[in-house]
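Here are my notes on the model, for reading beside the coordinates. They cover the ligand site and the charged pairs.

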Amino acid sequence: MTPSFAENLARLDARIQKALARAGRNDRVQLIAVSKFHAQQAVEEALTAGVRVFGENRVQEAAGKFPPLQRQFADLRLHMIGPLQTNKVAEAVRLFDVIQTLDRPALAKALAKAFEKGARKPDLYIEVNIGAEPQKAGVLPEDLPPFFESCRAEYGLTPKGLMCIPPAGQPAAPFFQQMRRWADRLGLLHLSMGMTADFEEAIACGATEIRVGTALFGQRPPVP
Ligand SMILES: *Cc1c(COP(=O)(O)O)cnc(C)c1O
């Protein structure tokens, strides 16, 4: 039998606690349950098991799944972890509590405009292309200090954290360590890194939030 969500969650939590202890950390790490491509029913099971923080990578999909659950669970927190187009910004600002993928000036500008218009201001994290991969979204490491500064000075935004997806097929730890140093250097409290394959290393390197899908929900169904 495939394990239940609650069993997966218990097993994952044990691994998180072990990784924290191994790293000599006595703080905690926030689990973000990545429910992309999974049906609303899977999210409901997660809520029943006590999970309140979720990650989705598409505005449209999240808009179809989450609003009724957000009305039912006042403490539900939804993180945007996928690429965000400027024409979806208004809807994203209404839907998400945290947008982790601020990665370019045009998006900063669109977010600033949406913040002026509406009452909601989700927390923002800057996505860093820590491996400087040409095909990947994110601000290049060397552009991070000027981009962070221009978010504040030009757009009146105050990013609160950083997120990354390290290059596939290489040890992740050196990239996670660089991310930790960037977060310290910019004085940012939130550091979102680590997925099913590498969250233990991310915890060892100082992640404050990990984004886990497969270890919780099982294999993702094909892209809808
Ligand atoms: C899908 C996704 C995850 C979760 O990946 P798993 O390997 O299933 O844990 C985490 N972060 C981002 C940005 C994702 O798109």
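This is a predicted model: local features need pLDDT of at least 70, side-chain atom pairs count only at pLDDT 80 or more; totals for chains, interfaces and linings use all residues.

1. Residues are numbered from 1 along each chain as its sequence is written, and side-chain values use heavy atoms, without hydrogens and water.

2. Around the ligand (a heavy atom within 4 Å) are V34, K36, I81, I165, M195, T196, R211, V212, G213, T214 and R220. Ligand oxygen lies 2.6 Å from a side-chain N or O atom of K36, and 2.6 Å from one of T196. A ligand nitrogen is 2.9 Å from a side-chain N or O atom of R211. Taken alone the ligand exposes 380 Å², of which the protein buries 90% (Shrake-Rupley method, 1.4 Å probe).

3. The whole structure holds eleven salt bridges (a side-chain nitrogen of Lys or Arg within 4 Å of a carboxyl oxygen of Asp or Glu). E56 pairs with K65 at 2.8 Å between the closest N and O atoms, and E56, E61 and K65 are linked in a network of such bridges. E56 counts as buried because its relative accessible area is 0%, where buried means under 20%, exposed over 50% and partly exposed in between (1.4 Å probe, protein chains only).

4. R25 sits in the loop between α1 (5–22) and β1 (30–34) (DSSP runs, helices H or I of at least four residues, strands E of at least two, numbered from the N terminus). R25 forms a salt bridge with D27 at 2.9 Å. R25 is buried at 16% relative accessibility, whereas D27 is partly exposed at 42%.

Technical notes. A polar contact is a pair of N or O atoms within 3.5 Å; within protein, one must be able to donate a hydrogen and the other to accept it, and residues adjacent in sequence count only if both atoms are side-chain atoms.
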